[in-house]
Amino acid sequence: MANRFALGVLFVALYVVVSAAGEVYAASYFQQADVFVALLLSFAVVCLMFNLLARQEGGEATVAKWSLLVFVALNVVTAISWIGLFIGLKYAEPAIVVAFMVALGPTATVWLNALIRRQGAPPASDIVVSVTIATIGSYMIWISASGNAGVEWGARSSFGIVLAIVAGLSLALTNILVKLLFDLGFSGRQVLAHRFYGTILLLLGLVDHSSIVPEISQHWFAIAAIGLSTIIVPLLLIQQGIRRVEPFTVNMVLSTAPIITFLFQYFDSRIVPSLHTFIGNALITAVAVGNIYLQYRRSA
């Protein structure tokens, strides 16, 4: 049990590092490029790839009425969380966007997990940690609104942070729905094969179709790098982590993402290093790491 927990945490930790690097790169690229074209191509490739892998795997679980409803819900929240994340990265400081998402995640997950998976009231320690991280998230809001972030505050950055908050709530629900599908007998590949239809449909409605071919021809390498580093490889890693540990533990490891993202921001010259952002990210990381240790002791 302890080895399974440690391996699950390792997969989620690798997800944090790879996606943090990709998100900082994507934020810089999206300043002068079409975010919707890059996302549409990336998710189309992801959807096709995992449908092919799922077919090779065989043995797909029976799709009953309940599992179909879960898949529909998963498609909706997946579209909201991913598109909200990337638009937020375009307009606001990446480390703060990521902080808003993961600060809200644990608080929402505690109660959603108890409600949806019917596991009863969460442990008191989980509630305390969730409230603490949510409080630090409020501090991050003050950082942005007071002009102490690495990116200048304005209407665009406000919009980006609102989207990040919505994406954070959606991400918490995403993790629980994926875990629920695992409980129903679906494999990681099968879940990945069928969770992006809603995202692709929404992107088809948002993208300027006349810009698809020119954008791909001019920036194919950047689009491929963003797709691999922010979507394809991270998804493979996070699915393995979700399979092995509980949703709350997944969110705790994800809570280390802001400090990792902050460090990668030093490679982006447009972002001014902010001590306030670092303090907020460090506090979230410290609380997360402490709770991971308690979770490990509980599972040993």
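How many helices and how many strands does the protein have? I counted 12 helices and 0 strands, taking DSSP runs (helices H or I, at least four residues; strands E, at least two) numbered from the N terminus.

Ground rules first. I am working on a predicted model, where local features need pLDDT of at least 70, side-chain atom pairs count only at pLDDT 80 or more, and totals for chains, interfaces and linings use all residues. Residues are numbered from 1 along each chain, and side-chain values use heavy atoms, without hydrogens and water.

Overall shape. I put a box along the principal axes; the C-alpha atoms fill roughly 45 × 45 × 30 Å. Of the 300 residues, 54% count as buried (under 20% relative accessible area, 1.4 Å probe, protein chains only).

Helix pair. I looked at α3 (residues 65-91) against α6 (residues 155-183): the angle is about 150° and the axes are 7 Å apart. Axes are lines fitted to C-alpha atoms over the stretch in contact, with angles from 0 to 180 degrees between N-to-C directions. That makes α3 roughly antiparallel to α6 (over 145 degrees). The contact has 21 nonpolar, 9 polar and 1 charged residues (Ala, Val, Leu, Ile, Met, Phe, Trp, Tyr, Cys and Pro nonpolar; Asp, Glu, Lys and Arg charged; the others, Gly among them, polar).

Record check. UniProt, in an unreviewed entry, lists "domain: EamA" at residues 159-289; such annotations may be inferred rather than shown by experiment. I found that span 81% helix and 0% strand, with its end C-alpha atoms 30 Å apart.

Definitions and conventions
Angles under 35 degrees count as roughly parallel, over 145 as roughly antiparallel, 65 to 115 as roughly perpendicular and the rest as oblique. Buried means under 20% relative accessible area, exposed over 50%, partly exposed in between (1.4 Å probe, protein chains only).
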